[in-house]
Amino acid sequence: MSPDIVIVGAGPAGLCLARTLSGHGLSIVVLERQAEQALAEPAFDGREIALTHGSQTLLERLGLWARLPSKEVAVLRDAQVFNGPSLFALKIRAEQAGAEHLGHLVANQAIRRTAYQAVSDCADVQLLCDASVRTIEQRAGEVKLVLHDGQVLQPRLLVAADSRFSETRRQLGIGAQLKDFGKSMLVCRMQHEREHQQIAWEWFGYGQTLALLPLNGRQSSTVLTLPPREIERLQKLDEASFAREMERRFERRLGAMQLVSSRHAYPLVGAYARRMVGHRCALLGDAAVGMHPVTAHGFNFGLIGVQLLSDALLATHGKRRDIGAPAPLARYERQLRLATWPLYQATNLLVELYTNDQLPARLLRGAGLRVAQGLLPLKKGIARHLTARA
Ligand SMILES: Cc1cc2nc3c(=O)[nH]c(=O)nc-3n(C[C@H](O)[C@H](O)[C@H](O)COP(=O)(O)OP(=O)(O)OC[C@H]3O[C@@H](n4cnc5c(N)ncnc54)[C@H](O)[C@@H]3O)c2cc1C
C-alpha cells in the first residue's frame with residue numbers, strides 16, 4: 001500500500017492531524033496498536049485536559065468541540081498557586097486578560113472519543129487497528145514500513161504520534177532528552193463539600209504536590225504527586241480510607257471528600273525529542289514534546305504541532321510539491337521548537353524548585369510567589385497566553 005501519509009498512533013494528536021489533513025486530496029493511514037473498540041469507546045483514564053482558548057478554536061475548526069456534550073466541558077475561570085502550609089496564593093485571573101475564563105477542562109476520554117468520531121467520517125482516512133510496525137526502512141526517496149502481520153506500507157511521509165515513549169521515534173533512530181522526575185502522579189475525580197468556584201489549584205506542599213481541577217458541580221479532578229511507592233499504597237486503600245487521606249492532604253480546605261471515579265497513576269517523565277523530523281518523517285504530540293503535566297500544556301502543544309505540521313504539508317501539497325521533502329519538514333521543526341522549548345524548560349525548572357524541600361528552596365518558593373503576585377504584567381502575560389485565540 002502506498003498512501004501519502006502514515007500516522008503511527010491514534011491518540012488525540014494523531015487523530016487530530018488526520019482530521020486536519022483530510023479533504024485535501026491526500027490519502028492517510030492511521031495505524032494503532034489498540035483495538036478499534038478501544039478508540040470508539042475509550043475508557044476513563046483519569047486525565048482531565050485543561051485546554052487553552054487557542055486549542056478550543058482548533059478543536060472547533062476540526063468539528064470535535066461541537067461533539068462534546070456540555071456536561072463534559074467544565075469552565076476553568078481562574079488559577080491559584082500555593083506554597084507549603086501558607087494560605088497565600090499567587091492568583092491568575094481570566095479578567096486580567098479581559099476574558100471570562102482561562103480555559104476549559106475536558107476529560108481525555110471525551111477528547112479521544114470525539115477525535116475518533118471526527119476521523120470516522122473521513123473517507124480519505126483509513127484506520128488500521130490492532131497493528132504495529134515491525135521494521136522501518138528509510139532509503140533515498142522513500143520510507144518503508146513492514147507491519148507485524150506482514151503488510152508493507154510505503155508512504156511519502158511517516159508521522160510518529162505514538163506517545164512520549166514512542167517506539168517509532170526509536171525505530172527512526174531519533175533520540176530524546178528524557179527527564180525522569182522520580183515521582184508518580186495519581187489522578188481521580190472527587191466530590192467535595194465546599195465550592196471550588198471554577199478555580200484550579202496548584203499546591204506545592206512540603207513532600208507532596210497537589211492540584212485541583214474544577215469540574216462541573218462540586219466535583220474536581222484531584223492530582224497528587226508523590227514517590228511511586230506511596231502512590232501504589234494510596235491506590236490500594238479502600239475508597240473511604242482514601243477519601244479520608246485526601247481530606248487530610250488537602251487540609252480539609254474543601255471540606256469532606258468522596259471518591260467518585262477510578263484512580264489512575266502515571267510515571268512523571270518528560271521527553272523532548274532531539275530532532276522533530278528526519279528523512280520523510282516527523283514527530284508529533286508527546287512523541288515530539290512530552291511535558292510534565294504541571295503546566296497543563298502537553299495536548300495544547302500537541303495541537304500546536306498539528307496546526308504547524310498541517311500548515312507546512314498542505315502549503316507544499318497545494319503547490320504540487322513533495323510533502324516528504326526536507327523544506328516543509330524543516331519549517332515544522334523550527335516552528336515547533338520555537339513554540340515549545342521555552343515552556344518545556346521553564347516547566348522543568350519550576351518543578352525542580354517547587355519540589356525541592358530544602359530550607360533555602362522553601363524560602364525562595366514562597367518569596368517567588370509573593371514577587372510574582374505583585375507583578376501584574378507577568379500575571380496578565382500568563383492569562384493572555386492561555387486566552388489567546390489561535
Ligand atoms: C495526568 C495527566 C494530566 C494531563 N493534563 C493535561 C492538561 O491539563 N493539558 C494538556 O494540554 N495536556 C495534559 N496532559 C498531556 C496529554 O494527556 C498528552 O499530551 C496527550 O494525551 C498526548 O497525546 P498523543 O496523541 O501525543 O499521545 P497518546 O495520548 O499517548 O497516544 C498515543 C497513541 O499511540 C498508540 N501507540 C503507542 N505506541 C504504539 C505503537 N508502537 N504502534 C501503534 N500505536 C501505538 C497508543 O495506543 C495511543 O493510542 C496530561 C497528561 C497526564 C498524564
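Predicted model: local features only at pLDDT ≥ 70, side-chain atom pairs only at ≥ 80, totals over all residues.
R233 has a relative accessible area of 39%, so it counts as partly exposed. Setting aside neighbours within four places in sequence, R233 touches E245 and R249. With E245 there's also a polar contact, side chain to side chain, at 2.8 Å.

Now for N108. Is N108 buried or exposed? Its relative accessibility is 4%, so N108 counts as buried, since buried means under 20%. N108 belongs to helix α4, which spans residues 108-120. Once neighbours within four places in sequence are left out, the contacts of N108 are P12, D45, R47 and I49.

Here are the two residues side by side:

| Residue | Helix | Relative accessible area |
|---|---|---|
| N108 | α4 (residues 108-120) | 4% |

Next, the nonpolar cores. How many residues does the largest nonpolar core have? It has 75, and the ones with the most contacts inside it are I5, I7, L145 and L158. Helix α8, residues 298-318, gives the most to this core: seven residues. There's also a second, separate core of 22 residues, with V81, M185, V294 and V351 among them.

Back to I7 for a closer look. Leaving out neighbours within four places in sequence, I7 is in contact with a list of residues including G14, L17 and A18, as well as I28, V29, V30 and L31. V159 and A161 are on the list of I7 contacts too.

Definitions and conventions
Residues numbered from 1 in each chain as written. Heavy atoms only, no water. Helix = DSSP H or I, 4+ residues; strand = E, 2+ residues; numbered from the N terminus. Buried < 20%, exposed > 50% of the residue type's maximum accessible area, 1.4 Å probe, protein only. Contact = heavy atoms within 4.5 Å. Polar contact = N/O pair within 3.5 Å; in protein donor to acceptor, adjacent residues only side chain to side chain. Core = buried A, V, L, I, M, F, W, Y, C linked by side-chain atoms within 4.5 Å.
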